[in-house]
Amino acid sequence: MIHADFALRHAGQLATMLPNADEPLGRIRDGALAAREGRVVWIGEDRRLEGEVDLDGDLLDAAGACVIPGLVDAHTHPVFAGSREDEFAERVSGAAYPAQQSGERGIARTVRATRDADAATLLRLTEARANRFLVNGTTTIEAKTGYGLDLTHEAKSFDVLRQLAARLPLRIVPTFLGAHVVPPATDRAAYLRALTEEMLPTFKAQAIFCDAWCDEPAFTPAETRAILRRAKALGYQLRIHAAQLAPGEGPEIAAELGARSADHLEFATPVLCPGANFTTHGPRPPIEAMRDARLPMAIASDLNPGTSNSESLPYAMSLACVAWGISPLEALRGATLHPARSLGLEGLAGCLRPGSFADCIVLDVETPEAIPYYVGVNRVLQTVAGGVVWRPS
Ligand SMILES: [Zn+2]
């Protein structure tokens with residue numbers, strides 16, 4: 001007998017997301033799983049559960065609903081204060097996103113508001129977003145800083161992420177995004193110096209990844225190379241915001257420096273961010289070319305105050321299907337397996353198997369492939385993180 005402290009039964013369809021000979025989703029009908037100390041220890045058909053698992057703990061009855069791994073969002077900017085709803089309104093009446101980035105507007109405005117917010121306020125705002133991730137079925141996020149943009153305020157952002165990780169079961173993979181933009185009223189050369197000589201070494205202990213935005217109005221290819229080379233030398237793993245607003249060298253830099261992910265990529269080679277693409281009227285990314293090249297496309301919310309104020313991956317999946325022609329199966333992999341891989345969590349998150357995190361969601365859908373079909377409606381009934389049923393506080 002396998003000992004467990006949590007079990008889930010009667011999943012009408014349980015998608016492990018690990019394909020087998022007959023099943024691209026590794027689907028188990030009337031499935032069950034058991035966990036101990038936050039990890040899956042058993043998974044199979046419900047009728048075998050009682051004979052094979054000795055449960056001393058909580059039992060969740062999915063009552064025929066679908067169960068899939070907790071969603072993994074590989075690109076989010078959750079630590080910010082302030083709102084830019086007026087910029088959204090301007091864009092829907094025709095303003096272009098780059099034109100909103102001058103002076104004290106756009107990202108600079110969020111930097112100002114984030115610096116002005118005290119630590120408790122910033123924690124409260126970010127915690128509300130973290131709760132919305134869990135409500136919408138996301139159990140792992142990559143979380144970028146990048147609205148502090150100096151030693152003090154980037155440290156405040158990292159503190160918020162650390163406190164959140166202690167308060168909520170959401171798994172948070174921190175990324176230092178000091179190379180978001182040059183902050184307002186700051187000398188460019190002085191900022192690049194502070195970034196590479198002070199901030200990058202200081203935040204190595206707090207972040208797994210370093211990210212840089214290689215595009216107008218952020219950093220040039222030469223600056224991006226210098227920042228990411230320094231980050232790599234310090235031991236960071238790399239991510240890059242590339243080719244969001246215009247074609248550029250970002251994807252090449254990503255390949256050259258061995259980045260774990262290249263994000264946006266609406267002009268080139270993939271963490272895809274359909275929400276930001278949608279609200280900035282961006283071009284369609286080269287989905288067919290990525291598919292032909294067998295690139296593991298991930299889909300992210302890109303939660304941020306400027307272009308995608310949404311924690312919902314199911315919504316991003318719907319957009320990717322409807323606007324870009326991603327198939328529901330590709331969207332499912334893009335919100336589980338592939339982003340987990342881009343975060344270095346393959347086999348642990350984004351799939352269900354013995355040894356993986358016991359992170360799963362129960363959904364009111366007929367099949368897992370139906371998730372993007374329910375556009376803009378949250379069909380998540382329960383979120384389980386680390387073998388514990390999460391309840392909003
Ligand atoms: Zn982003």
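**Briefing on a predicted protein model**

With 393 residues, the protein has a radius of gyration of 21 Å, which agrees with the value near 21 Å that a compact globule would have; the radius is taken over C-alpha atoms, and the globule rule is 2.2 Å times the number of residues to the power 0.38. This is a predicted model, in which local features need pLDDT of at least 70 and side-chain atom pairs count only at pLDDT 80 or more, while totals for chains, interfaces and linings use all residues. Residues are numbered from 1 along each chain as its sequence is written, and side-chain values use heavy atoms, with hydrogens and water left out.

**Overall form and surface**

- Taken along the principal axes, the box filled by the C-alpha atoms of the protein is roughly 70 × 40 × 40 Å.
- The protein has 13 helices and 16 strands, where helices (H or I, at least four residues) and strands (E, at least two) are DSSP runs numbered from the N terminus.
- Of the 393 residues, 58% count as buried, a term that means under 20% relative accessible area, whereas exposed means over 50% and partly exposed lies in between (1.4 Å probe, protein chains only).

**Backbone features in loops**

- The peptide bond from glutamate 216 to proline 217 is cis, with omega near 5°, and proline 217 lies in the loop between strand S9 (209-214) and helix H7 (221-234).
- Alanine 63, in the loop between strand S4 (53-61) and strand S5 (66-69), has a phi near 50°, a positive value in a residue other than glycine; at 65% relative accessibility, alanine 63 counts as exposed.
- Histidine 281 has a phi near 55°, again a positive value in a residue other than glycine, and is placed in the loop between helix H9 (274-279) and helix H10 (287-292), where histidine 281 is exposed with a relative accessible area of 60%.

**A buried arginine**

- Arginine 239 lies in strand S10 (residues 237-242) and counts as buried, at 0% relative accessibility.
- Between the C-alpha atoms of arginine 239 and leucine 195, which are 44 residues apart along the chain, the separation is 16 Å.

**Cysteines**

- The structure holds zero disulfides, a disulfide being a pair of cysteine sulfur atoms within 2.5 Å.
- For cysteine 214, the closest cysteine sulfur is that of cysteine 210, at 13 Å, which is too far for a bond; cysteine 214 counts as buried, at 5% relative accessibility.
- For cysteine 360, the closest cysteine sulfur belongs to cysteine 351, at 12 Å, again too far for a bond; cysteine 360 counts as buried, at 1% relative accessibility.

**The second largest cavity**

- The second largest cavity has a volume of about 30 Å³; on a 1 Å grid over the protein atoms alone, a cavity is a set of points where a 1.4 Å probe fits but cannot get out, with grid points joined across faces, edges and corners and the volume being the space filled by probe spheres set on the points.
- Asn136, Ser312, Pro314, Tyr315, Gly376, Val377 and Asn378 line the second largest cavity, lining residues being those that have an atom within 4 Å of a point.
- This lining divides into three nonpolar residues, four polar and no charged, where Ala, Val, Leu, Ile, Met, Phe, Trp, Tyr, Cys and Pro count as nonpolar, Asp, Glu, Lys and Arg as charged, and the others, Gly among them, as polar.

Note on methods:
On a 1 Å grid over the protein atoms alone, a cavity is a set of points where a 1.4 Å probe fits but cannot get out, and a pocket is an open set with protein on both sides within 12 Å along at least five of seven lines; lining residues have an atom within 4 Å of a point.
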